[in-house]
Number of protein chains: 2
Amino acid sequence: MSKEIVTMAHGGGGRAETELIEKEILSRFGDGPLAGLPDGAQLPGGLVFSTDSFVVTPRFFPGGDIGKLAVCGTVNDLYMAGGAPRYLSLSLIIEEGFPREELGRILDSVAAAAKMCGVTIATGDTKVVPRGGADGIYLNTAGIGVKDSRWTPDRSRFRPGDRILINGGIGEHGMAILAARHGIGGEGVVSDCAGLGPSVEAALAVAPDAVKFMRDPTRGGVGAVVQEMMSGSPAGAELREADLPLRPAFRALSGMLGIEPLFVACEGRMVTVADADGAEAILAAWRNLPGGEFAAEIGELTETPGRVTLRGEWGGRRLLIVPDGEQLPRIC
Amino acid sequence: MSKEIVTMAHGGGGRAETELIEKEILSRFGDGPLAGLPDGAQLPGGLVFSTDSFVVTPRFFPGGDIGKLAVCGTVNDLYMAGGAPRYLSLSLIIEEGFPREELGRILDSVAAAAKMCGVTIATGDTKVVPRGGADGIYLNTAGIGVKDSRWTPDRSRFRPGDRILINGGIGEHGMAILAARHGIGGEGVVSDCAGLGPSVEAALAVAPDAVKFMRDPTRGGVGAVVQEMMSGSPAGAELREADLPLRPAFRALSGMLGIEPLFVACEGRMVTVADADGAEAILAAWRNLPGGEFAAEIGELTETPGRVTLRGEWGGRRLLIVPDGEQLPRIC
């Protein structure tokens, strides 16, 4: 039955989604820029192109809302694909009866985030569906960027000893959504939702040649992203549990709920693979950014292609197993 | 109350939608490429950019389905903005429980339409929402095209005496949807859903300098599009009811139901304003295309800026009044 219908797991960023995408999307569209499923497509002529739809619930959460998320999400995908974001489209699917005042607040947030990220909303579309045809409002953004000449994502350059870096505390977006949705004690857990421009600029300013790959760990979190980025690459990876940067409020809540931080979504973080030579300079640059004090090296690349292991807090090593679906749906 | 919530009329392509877009969208984003609300944005560097979400019900209808519509809709917007379509993004919002088999058929249709229109699906996204969070499946496409050097949409060139042309019978998409949705006798009414590439090429091949404006009359139909294109232009327009090309099956059904053909959506037609010198050549070229036998001149531009009149079948003349909403929602 699970093969015959689409389930929530198919949208969760885990193995079920990978199966759906491979079977339904790559089988039909995978011989062009979609091959390898980057966050964004590199097009001939130096353009980068990406899209995302946003169905997050609740629509307003500590640290952001669906409007900010819709801008930052696509902006970040363009950065991760090696681009500098320039233009966004904005498409709205609105449920009949949706409050105009709330629509206005969401669009204000889109405008503010676009300004902060330095992108222009260039074109758009609005559809209204009858009551029950959507959960309030869904947003889609697509983005165009220009290729950044300083670097290109290239997993074929992965080598054992390369460092795996992250620009801040992990899992904060997913945990903020969880806390907001269930009214549990999430005081102090604020979504990391943000544009990645400053972090990308900081890394490229100090060590452009060292940067081999960047990916924002959204659905599926750091764990799923690392698993995915190592798949088919010439190296493996070992993450170090003790080095995962967890803000105190996040650590308290994830511990209390028994949630594995590695699989909780971020919306303003980037997992970066960099040559060991440049890693310290990148970390230092990130730590100078506002909120960058939790930037950390969280692991390194290893010899066995495709294998991802986790060195536990107390020294044991185990294979990293990505969950089938996701602990928490609709985080973006 | 209607000012405080979003209603179905706000998505219907009529005056309510214009109000919503002006108040909520243009007020925030209208100082860039969105000014003037073209179907697609012309970006610096010779790019054209457009987006549309598709929520049509039923998803399969005579002449097409939501997948074909999603490709043709954005391809056509790029053409209308003066571009030649190249790349599309494809974003899916799928309701939990949606049949995989139907998803496969829709994606097959996307692939076939993309091939026919000569565009590449370059990037994408998939979201799953819980049961009740969508009506089956919604698609979004965004498209990138390159500016066609042979012409530029330019309403400032409108002059009294310019001809208003259309490349085929009107209203067939909306009527096919209506018939399919309500199980009424729509035999023979088939959606005109198609890419506009052949019609655009045919017109530009014979009279590139004559073409001043093209717009596909989707939501709101020919009537709303003509009203919109004349607004703020240096001319007015008179449409001739007797010259509106109606296929017999469409004429029979619209007559029986008392539906005004001018406000029924097309998805493979283009209202074109052309200099009188080139009009006949364009019509002749269209009539040589498959299905082009209903191409027609439906009116001409007049002296009074912004005013749109309709000369009735029996000779009377009246102001064209665009409905507040739309007779039939969710046609795309």
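Predicted model: local features only at pLDDT ≥ 70, side-chain atom pairs only at ≥ 80, totals over all residues.
User: What rotation and shift superpose chain B on chain A?
Analyst: A rotation of 180° with 0.0 Å of shift along its axis does it, at an RMSD of 0.0 Å. The superposition is by least squares on the C-alpha atoms of residues with pLDDT of at least 70 in both copies. The two copies are thus related as by a two-fold rotation axis.

User: Which C-alpha of chain B is nearest the axis?
Analyst: That of A134(B), 2.3 Å from the axis.

User: OK, the interface. How many residues are in contact there?
Analyst: 76 residues of chain B are in contact with 76 residues of chain A, contact being heavy atoms within 4.5 Å. 100% of the interface residues of chain B are also interface residues in chain A, so the copies meet through the same surface.

User: And how much area do the chains bury between them?
Analyst: About 6,000 Å², with 66% of it on carbon and sulfur atoms. Buried area here is the accessible area (1.4 Å probe) that two parts lose on being put together, summed over both.

User: How many residue pairs are in polar contact across the interface?
Analyst: The rule finds 32 residue pairs between chain B and chain A, both residues at pLDDT 80 or more. A polar contact is a pair of N or O atoms within 3.5 Å; within protein, one must be able to donate a hydrogen and the other to accept it, and residues adjacent in sequence count only if both atoms are side-chain atoms.

User: Which element of chain B gives the most to that side?
Analyst: Strand 6 of chain B, with ten residues. Helices (H or I, at least four residues) and strands (E, at least two) are DSSP runs, numbered from the N terminus. By class, the side of chain B that touches chain A has 37 nonpolar, 19 polar and 20 charged residues. Ala, Val, Leu, Ile, Met, Phe, Trp, Tyr, Cys and Pro count as nonpolar, Asp, Glu, Lys and Arg as charged, and the others, Gly among them, as polar.

User: Pick a residue from strand 6 of chain B for me. Is T126(B) buried or exposed?
Analyst: T126(B), which sits in strand 6 of chain B, is buried, with a relative accessible area of 4%. The cut-offs are under 20% relative accessible area for buried, over 50% for exposed and partly exposed in between (1.4 Å probe, protein chains only).

User: What does T126(B) touch?
Analyst: Leaving out residues up to four places away in sequence, T126(B) touches E17(A), L20(A), I21(A), R219(A), L92(B) and I94(B).

User: Which residue forms a salt bridge with E102(B)?
Analyst: R59(B), with the closest N and O atoms 2.7 Å apart. E102(B) lies in helix 3 of chain B and R59(B) in the loop between strand 2 and strand 3 (60-61), so the pair ties together parts that are 43 residues apart in sequence. E102(B) is buried, at 11% relative accessibility.

User: Last topic: where is E187(A)?
Analyst: In the loop between helix 4 (172-182) and helix 5 (197-206) of chain A. E187(A) is exposed, at 67% relative accessibility.

User: And what do the buried residues of helix 5 of chain A pack against?
Analyst: Helix 2 (66-80), strand 9 (211-215) and helix 8 (276-287) of chain A. The buried residues of helix 5 are G197(A), S199(A), V200(A), A202(A), A203(A) and L204(A).

Note on methods. Residues numbered from 1 in each chain as written. Chains lettered and ligands numbered in written order. Heavy atoms only, no water. Salt bridge = Lys/Arg side-chain N within 4 Å of Asp/Glu carboxyl O.
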